[in-house]
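Please keep the structure open while reading.

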Amino acid sequence: MTRVKFLPVVAAAALAATAAFAAAPVKEVDSAKGKVLAGENGMTLYTFKKDTKGVSNCYDDCAKNWPPLMAASDAKADGAYSIIDRKDGTKQWAKDGMPLYYWVKDKKMGDITGDGVGGNWDLAKP
């Protein structure tokens, strides 16, 4: 009898672990412009107008100022969140195909100082 009760508990724990593993490391936070997407660290995420779906065009100095939301090599796509291959061999999270980035001048959760920079950067919205 104990074994029968134990199996559903193990199965539920395995399912929860799989769901947590598969989820993109993104959450919603409040900003002066409403809800925005943020990384696990709470920092706002952005999209780059010079990117195309599934392709990042932000490297070198661009990536120093706009660090990509990197994905682990074993990360799995989840709903609207996909993983793109960067030309340097690393992987990056994308929402609706558009690569996601941080902005180095944002200092705390909810900062949105990168919105509109150079006419090329937009807040990532839920």
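How many of the 5 residues of strand β6 (residues 91-95) are buried? The count is 4, so the strand is mostly covered. Buried means under 20% relative accessible area, exposed means over 50%, and partly exposed lies in between (1.4 Å probe, protein chains only). The model is predicted: local features need pLDDT of at least 70, side-chain atom pairs count only at pLDDT 80 or more, and totals for chains, interfaces and linings use all residues. Residues are numbered from 1 along each chain as its sequence is written, and side-chain values use heavy atoms, with hydrogens and water left out.

Strand pairing here requires at least two DSSP bridges between the strands. β6 pairs with β4 in the antiparallel sense, over 2 bridges. There, A71 has K91 of β6 as its bridge partner. Strand β5 (residues 81-85) also pairs with β6 in the antiparallel sense, over 5 bridges. I83 stands opposite W93 of β6. The hairpin of β5 and β6 has 5 residues between the strands, and G89 takes a positive phi near 90°. Strand β7 (residues 98-99) runs antiparallel to β6, joined by 2 bridges. In this pairing A94 stands opposite P99 of β7. The β6 and β7 hairpin has 2 residues between its strands, and D96 in the turn has a positive phi of about 50°.

## The chain as a whole

The chain holds 2 helices and 8 strands. Both kinds of element are DSSP runs numbered from the N terminus: helices are H or I with at least four residues, strands are E with at least two. The order from the N terminus is α-β-β-β-α-β-β-β-β-β.

Of the 126 residues, 38% count as buried. The chain exposes about 7400 Å², and carbon and sulfur atoms supply 59% of that area. Areas come from the Shrake-Rupley method with a 1.4 Å probe; for residues, only the protein chains shown count as cover. Contact means heavy atoms within 4.5 Å. Among contacts between residues at least 6 apart in sequence, 60% join residues at least 24 apart.

## Aromatic rings

A pair of aromatic rings is described by the distance of the centres and the angle of the planes. Rings of Phe, Tyr and Trp (its six-membered ring) pair if their centres lie within 6.5 Å; planes under 30 degrees apart count as stacked, over 60 as edge-to-face and the rest as tilted. The count by this rule is 5 aromatic pairs. Why is the pair of F48 and W121 stacked? Their ring centres are 4.3 Å apart and their planes lie at 15°, so the pair meets the stacked rule. F48 belongs to strand β3 (residues 46-48) and W121 to strand β8 (residues 121-123), so the pair ties together parts 73 residues apart in sequence. F48 and W121 are both buried.

W121 has another stacked partner. The ring centres of W66 and W121 are 3.8 Å apart with planes at 5°, so this pair is stacked. W66 lies in the loop between α2 (61-65) and β4 (70-71), and W121 in strand β8, 55 residues away. W66 is buried, as is W121. Ring pairs link Y46, F48, W66, Y101, W103 and W121 into a cluster.

Y59 has a charge over its face. K87 lies there, at 4.4 Å from the ring centre. The rule asks for NZ of Lys or CZ of Arg within 6 Å of the ring centre and within 35 degrees of the ring normal.

Where does S31 lie? S31 is in strand β1 (residues 26-31). S31 is buried, with a relative accessible area of 17%. A polar atom of the S31 side chain lies 3.1 Å from the backbone nitrogen of K33. The backbone oxygen of G34 is 2.7 Å from a polar atom of that side chain. Leaving aside neighbours within four places in sequence, S31 is in contact with V36, G110 and I112.

P68 is found in the loop between α2 and β4. P68 is buried too, at a relative accessible area of 14%. P68 and W93 are 25 residues apart in sequence, yet 7.9 Å apart in space, C-alpha to C-alpha. Not counting residues up to four places away in sequence, P68 touches A63, R86, Q92, L100, Y101 and Y102.

Notes:
A polar contact is a pair of N or O atoms within 3.5 Å; within protein, one must be able to donate a hydrogen and the other to accept it, and residues adjacent in sequence count only if both atoms are side-chain atoms.
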